[in-house]
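Reader: I have not worked with this structure before. Could you take me through it, one topic at a time?
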Amino acid sequence: MMLADKLKIDLTDATRSGENIRRDTLRLLLSALNYKKIDLQHDLTDDEVLAVISIEAKKRRESITVFEANNRLELATQEKSELAVLEAYLPTQLTEGEIRNEVASVDLPKNFGEAMKIVAHLFKGMADGKLVAKIVNEKIS
């Protein structure tokens, strides 16, 4: 079963069971997927669906940081709840130690852009890009 189909089924289940946060988050996600589908002009593959979920999760993480910095804890809590729903559909995220070990095992050029091109496909959807960039920058410095 395609991931997009699973999301639609989960939306129906969340609606029936009265899980409002899960329902609303899945509606927003399916809307984002529909926009991406229109943009690409073809049905989305599971990898493309995961990319959209990752983007939506990143938006939530950034919002949480902003809300907490501005002492808007009720909004940060809402975003954390939505992030938890989204993360359930993402692959398990690698820890900083696992990323460091993987980066250490790869021979990287001193050019940051070229180094990121090499490691980007290793961590696609499995690690935060900012953390990967920080670790790569430390290694090549």
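Predicted model: local features only at pLDDT ≥ 70, side-chain atom pairs only at ≥ 80, totals over all residues.

Reader: Fine. How many helices and strands does the chain have?
Author: The chain has seven helices and zero strands. Read from the N terminus, the order of elements is α-α-α-α-α-α-α.

Reader: What does the C-alpha trace span along its principal axes?
Author: The C-alpha trace spans about 55 × 40 × 25 Å along those axes. Of the contacts with a separation of 6 or more, 58% join residues 24 or more positions apart.

Reader: And what percentage of the residues count as buried?
Author: The chain has 141 residues, and 30% of them count as buried. The chain exposes about 8,900 Å², with carbon and sulfur atoms supplying 54% of that area.

Reader: Let us turn to charge. How many positive and negative side chains are there?
Author: There are 21 positive and 24 negative side chains, and the centres of the two sets lie 2 Å apart. Side chains of opposite charge can pair when their charged atoms come close. In this chain the count of salt bridges comes to 14.

Reader: Which residue pairs with Asp 10?
Author: Asp 10 meets Arg 22 in a salt bridge, at 3.9 Å from N to O. Asp 10 belongs to helix H1 (residues 3-17) and Arg 22 to helix H2 (residues 20-40), so the pair ties together parts that are 12 residues apart in sequence.

Reader: Is Asp 10 buried or exposed?
Author: Asp 10 is buried, because its relative accessible area is 8% and buried means under 20%.

Reader: Which residues are linked in a network of salt bridges?
Author: Glu 56, Lys 59, Arg 60, Glu 79 and Glu 82 are linked in such a network.

Reader: And which residue forms a salt bridge with Glu 74?
Author: That residue is Arg 72, with the closest N and O atoms 3.1 Å apart. Arg 72 counts as partly exposed, at 39% relative accessibility.

Reader: Where is Leu 75 found?
Author: Leu 75 is found in helix H4 (residues 73-87). Leu 75 is partly exposed, with a relative accessible area of 29%. From C-alpha to C-alpha, Leu 75 is 21 Å from Gly 18, and the two are 57 residues apart in sequence.

Reader: One last topic, the backbone. What is phi of Gln 41 near?
Author: Phi of Gln 41 is near 60°, which is a positive value in a residue other than glycine. Most residues other than glycine have a negative phi. Gln 41 sits in the loop between H2 and H3 and counts as exposed at 71% relative accessibility.

Reader: What about phi of Asn 71?
Author: Phi of Asn 71 is also positive, near 60°. Asn 71 has its place in the loop between H3 and H4, and it is exposed, with a relative accessible area of 58%.

Key. Residues numbered from 1 in each chain as written. Heavy atoms only, no water. Helix = DSSP H or I, 4+ residues; strand = E, 2+ residues; numbered from the N terminus. Buried < 20%, exposed > 50% of the residue type's maximum accessible area, 1.4 Å probe, protein only. Contact = heavy atoms within 4.5 Å. Areas by Shrake-Rupley, 256 points an atom, 1.4 Å probe, with all protein chains shown as cover. Lys, Arg positive; Asp, Glu negative; His and termini not counted. Charge placed at Lys NZ, Arg CZ, Asp CG, Glu CD. Salt bridge = Lys/Arg side-chain N within 4 Å of Asp/Glu carboxyl O.
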